[in-house]
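Here is a short note for a first look at this structure. Please keep the view open while reading the points.

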Amino acid sequence: MTNGLSINAEKKLLLFDGHALAFHSWFTSYPNEVMPGFFRMVGRAIERHDPTHLIVTFDPPPPTFRHKLYPDYKANRPPVPEGLLEDCDRVRERLKSLDVVFCTVQGYEADDVLGTLSTRASVSGFQTMILTSDLDLLQLVSPITEVEVFSQYWAKRSFDVEAAKRRFGGLAPENIPDYKALAGDTSDNLPGVPGIGAVAATAVLGEYGNLDKVYENLEAISKLPIRGAKRVSRLLAEHREQAFLMRTLTTIVCDVPVDLDLDGTMIEKTGLEVVEAKPWLAGNLDA
């Protein structure tokens, strides 16, 4: 039993952030293309983690509910390179031909689908590993859900609860949206609370735990032994509405309407014959 959940050691779910894998494959290959790198990463992850079940998620075309709440959401992102989205279509066609389950939900990002599926998996007794390039997903880390983050700039890193806490100054995974609500997230074009940086955000959340408690203690914050405590308290008071909007935008939704049966995502029901298909795993997609 873990946190009141009954875990079946023989049920291991591997969740892929499909667009993250696609972008990573595109930008780390020459010439730029998605297919070989994408399926090579999938194959290696299967060998590394030995899952029993597998699902790939993809982002829908915008807008999502976040764009509707905050029109400048991700407005700083450069245009998608020409050809990449077409390659993603080819990836989905290949996944379909292999009977690999993949899903997209209009209005929600892949992160939200991953959050929903990992939550369902936990209730159903699965151990779960999420593969992504997005550190936002560390908020989903729990005693039975880990996140493996890959990047073209650093080696793969796996995050359990303790590793996620270290990455965010001791804050629990579930408090990462509170942190980003205050400190902002430049990658998503979210300003957070103007004038509140990473140090102050970590300090006040380390003291009070979450955004609600922070706002219940604004007067006490002005007396904390941190640099500019009175200024921090004043800025928080002035930008209360924005802080809570930022938290909504940075919080992964875990109850997306996904019509998917986890039992139908078993790897043995797909064409992914990991042991026998070494040429396929090596990227020989015509094999």
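1. Helix H2 (residues 35-49) packs with helix H4 (residues 84-97) at an angle of about 45°. Their axes are 10 Å apart. Axes are lines fitted to C-alpha atoms, for helices over the stretch in contact, and angles run from 0 to 180 degrees between N-to-C directions. This angle makes H2 oblique to H4; under 35 degrees counts as roughly parallel, over 145 as roughly antiparallel, 65 to 115 as roughly perpendicular and the rest as oblique. Helices (H or I, at least four residues) are DSSP runs, numbered from the N terminus.

2. This is a predicted model: local features need pLDDT of at least 70, side-chain atom pairs count only at pLDDT 80 or more, and totals for chains, interfaces and linings use all residues. Residues are numbered from 1 along each chain as its sequence is written, and side-chain values use heavy atoms, with hydrogens and water left out.

3. H2 brings Met 35, Phe 38 and Phe 39 to the contact, and H4 brings Asp 87, Arg 90, Val 91, Arg 94 and Leu 95. Contact means heavy atoms within 4.5 Å. By class, these residues are 5 nonpolar, no polar and 3 charged. Ala, Val, Leu, Ile, Met, Phe, Trp, Tyr, Cys and Pro count as nonpolar, Asp, Glu, Lys and Arg as charged, and the others, Gly among them, as polar.

4. Helix H7 (residues 176-183) and helix H8 (residues 198-208) pack at about 135°, with axes 9 Å apart. That makes H7 oblique to H8. The crossing is right-handed. From H7 come Asp 178, Tyr 179, Leu 182 and Ala 183; from H8 come Ala 198, Ala 201, Thr 202, Val 204 and Leu 205. The contact of H7 with H8 has 7 nonpolar, 1 polar and 1 charged residues.

5. How many disulfides are there? The count is 0, taking a disulfide as a pair of cysteine sulfur atoms within 2.5 Å. The sulfur of Cys 88 lies 15 Å from the closest cysteine sulfur, in Cys 103, too far for a bond. For Cys 254, the nearest cysteine sulfur is that of Cys 103, 14 Å away.

6. Is Cys 88 buried or exposed? Cys 88 is buried, because its relative accessibility is 0%. Cys 254 is partly exposed at 31%. Buried means under 20% relative accessible area, exposed over 50%, partly exposed in between (1.4 Å probe, protein chains only).

Definitions and conventions: Helices (H or I, at least four residues) and strands (E, at least two) are DSSP runs, numbered from the N terminus. A crossing is left-handed if the near helix is turned anticlockwise from the far one by less than a right angle, and right-handed if clockwise.
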